[in-house]
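Please open the model in your viewer, with the sequence panel beside it, and follow the stops below in order.

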Amino acid sequence: MSATASDSIMETGTFVNCFLLVISLVIIPVNGGYDKERDALLKGTFPQDFIWSSATAAYQIEGAWNVSDKGPSVWDTLAHQDNNRDTGDVACDSYHKYPADIQLMKQMGLKYYRFSISWPRIFPTGEQQDGVNQDGVRYYNALINELIANDIQPMVTLFHWDLPQVLQDRYGGFLNNHTTNTTVIHDLFGDYARFCYQNFGDRVKYWITFNEPWITSWLGYGVGNFAPQHNEPAEGQYKAAHNIILSHAKAYHIYDDEFRAAQNGQVGITLNCDWGTPKTPADADAAIRYVQFFLGWFAHPIYKNGDYPEVMKTTMARKAQEEGRTTSRLPEFTPEQKLSISGTGDFFGLNHYTTVEVTDACCTPIENPNYDTDKDVGTGHAPDWPRAASSWLYVVPWGIRNLLGFIKEEYGDPEIYVTENGRSDHDQDPAIMMDMERICYYMMYTNEVMKASNMDNVKVKAYTAWSLLDNFEWLSGYSERFGLHYVDFNDPTRTRYPKASSVFFKQLVRNNGYPEGSEFTKYVENMWYFCHNTTEAEVNGYTGGASQISSLFSLFLAIPMMIAYSLIA
Ligand code: BGC
């Protein structure tokens, strides 16, 4: 889309978009799943010090992939493998355009920003002894300083999947020697973390060691469709996860021992998990097993007792027997390692997007075992769950409340930072600028987070929207858009344009939730049934099959309100 075209979308073209939206609404499947009690709108506000933020990651937005001495990462390698692939070579060009990004955050009233540092932009080979890229250090200093000058707190992820390629080649990356105490990768990650604390820790008070180690372990080293594309689905993920957990613990202790007293910040890890809901009551244990293999794999050692969940250990021990192995495919931590891992999170970072329905699939012997079959579960989706553009993303708002409750109970009531949550659209022409489905997603999910906070007493301290910008969506390239802001990837200047959801999010932040009686809450009330794709009449029991018609009525109510909000924003 050209700059002129998108300008006009924000101005005179709004009605054209609304028309398109009406068309798209007609094809949204009717969702009969509204539960009057579970799904009702909660009015109220988050605690006063609640953190509203938005997130990005280095490889997904920075571009400048080979500027100065930056070394290649495993994602540069993957993206360059074939010419037809989208790459992160330029992405949103945030390496050059970060001041514009910061103005977008300011516009939305955000006081926090979660971004990641690219390890090979700091140490081109991943090893400090081989040299430091001073331009990379300058870039992150400039970004952090600009954030602080605009009253925005940086929340920094050290590893969002872009491992230096040289470390993969030299040491096997996170497969490095996973059963010994002298694993090189732990020390190298520790050195990198130390360097970041030393250089940026005077201004950065929130550190996230790893983003979603589940993805790196399973998709990167198990099935191997993500970088570095190591295919070893029986064991690769368990070895990589083992190393990542130990590397995380190392980075945590370095902060604790060498920096905490002077810098007074916090260090945690961000774990992702889909909520698993049992398909029938008989599947309840299977659903718990699903969550333990997913979240517990990392959270149990770090936030509970230094070791993998019991159900994972016993399941994997049984599998070893069945497979005629003398040892489990799940590695063991030594007693010293357990001690050093346990309690290494000042907060619990959570990325959550979706929910699956779980069925028990115990215990069919499998010829080629892998992490998916190890869990002894089947997964599916209820027919009435609406879908986003990403094939895996079903919209199930109540899932996040359940997951937050599970974390509270299971891990001793930690402070939880929701470090990602969001919804994708397809890349299409004309662009989706009146992104009502994203507005609905944020509305419904944040309301569920507020229920967790205010009704269930979960200590949720932060909510982070993924993402500030449309960006490089990994294997999907630029075909899926998660942004609150539209980025035109055909425009060399990569101009950013606010979508309607950024206006909604701004109002949400300003209201700190859904306060009783506010104009914003009235707008949300009017939208509520439309967003749940049902009608008030249906909810109250007078069904007349008029769902689509009433939804359209809500929409017509919604559009003028949306426009009004754009004007006052
Ligand atoms: C990742 C992001 C990704 C998002 C949407 C999360 O798993 O941290 O990098 O873009 O999900 O797929």
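## Before you select anything

In this predicted model the protein chain averages a pLDDT of 91, and 89% of the residues score at least 70; pLDDT is the predictor's confidence in each residue, from 0 to 100. Residues are numbered from 1 along each chain as its sequence is written, and side-chain values use heavy atoms, with hydrogens and water left out. Because this is a predicted model, local features need pLDDT of at least 70 and side-chain atom pairs count only at pLDDT 80 or more, whereas totals for chains, interfaces and linings use all residues.

Colour by confidence and select residues 1–32, where pLDDT stays under 50 and the model has 55 contacts beyond four places in sequence, a contact meaning heavy atoms within 4.5 Å. Residues 545–550 also stay under 50 in pLDDT, with 10 contacts beyond four places in sequence.

Now switch to a cartoon view, in which the secondary structure of the protein chain comes to 21 helices and 17 strands; helices (H or I, at least four residues) and strands (E, at least two) are DSSP runs, numbered from the N terminus. Of the 569 residues of the protein chain, 61% count as buried, where buried means under 20% relative accessible area, exposed over 50%, and partly exposed in between (1.4 Å probe, protein chains only).

## The barrel

Select strands β2, β3, β4, β5, β6, β8, β11 and β13, which close into a barrel in the order β2-β3-β4-β5-β6-β8-β11-β13 with parallel pairing. From one strand to the next, the twist averages 25 degrees, with axes taken as lines fitted to C-alpha atoms (for helices over the stretch in contact) and angles running from 0 to 180 degrees between N-to-C directions. Strands of a sheet pair through backbone hydrogen bonds, either parallel or antiparallel, and two strands are taken to pair here if DSSP finds at least two bridges between them.

For one of these pairings, select β4 (residues 153–159) and β5 (residues 206–211), which run parallel and are joined by 4 bridges; M155 has Y206 in β5 as its bridge partner.

Which residue carries the UniProt feature "active site"? The record, an unreviewed entry, places that feature at E420; UniProt positions are given in the numbering used here, feature names are shortened, and annotations may be inferred rather than shown by experiment. Select E420, and you are in strand β11 (residues 416–420).

Is E420 buried or exposed? E420 is buried, with a relative accessible area of 4%, and 5 of the 5 residues of β11 are buried, so the strand is largely enclosed by the rest of the structure.

Show the side chains around E420: leaving out residues up to four places away in sequence, E420 touches R114, H160, N211, E212, L350, N351, H352, Y353, T464 and W466. The side chains of E420 and N351 are joined by a polar contact of 3.0 Å, that is, a pair of N or O atoms within 3.5 Å, of which, within protein, one must be able to donate a hydrogen and the other to accept it, and residues adjacent in sequence count only if both atoms are side-chain atoms.

On one pairing of β11, 4 bridges join it in parallel to β8 (residues 348–351), and L350 stands opposite V418. In another, 3 bridges join β11 in parallel to β13 (residues 460–466), where Y417 has A462 as its bridge partner and V418 stands opposite Y463.

## Strand β13 and V460

Next select β13, which is mostly covered, with 6 of its 7 residues buried. This strand is also joined in parallel to β2 (residues 51–55) by 5 bridges, and S53 has T464 as its bridge partner in β13.

Within β13, select V460, which is buried at a relative accessible area of 3%. Beyond four places in sequence, V460 touches F50, L404, I416, V418, V449, A452 and S453, and the C-alpha atoms of V460 and L404, 56 residues apart along the chain, are separated by 8.0 Å.

## Backbone stops

Most residues other than glycine have a negative phi, and most peptide bonds are trans. The peptide bond from W466 to S467 is cis, with omega near 15 degrees, and S467 is found in the loop between β13 and β14 (480–481).
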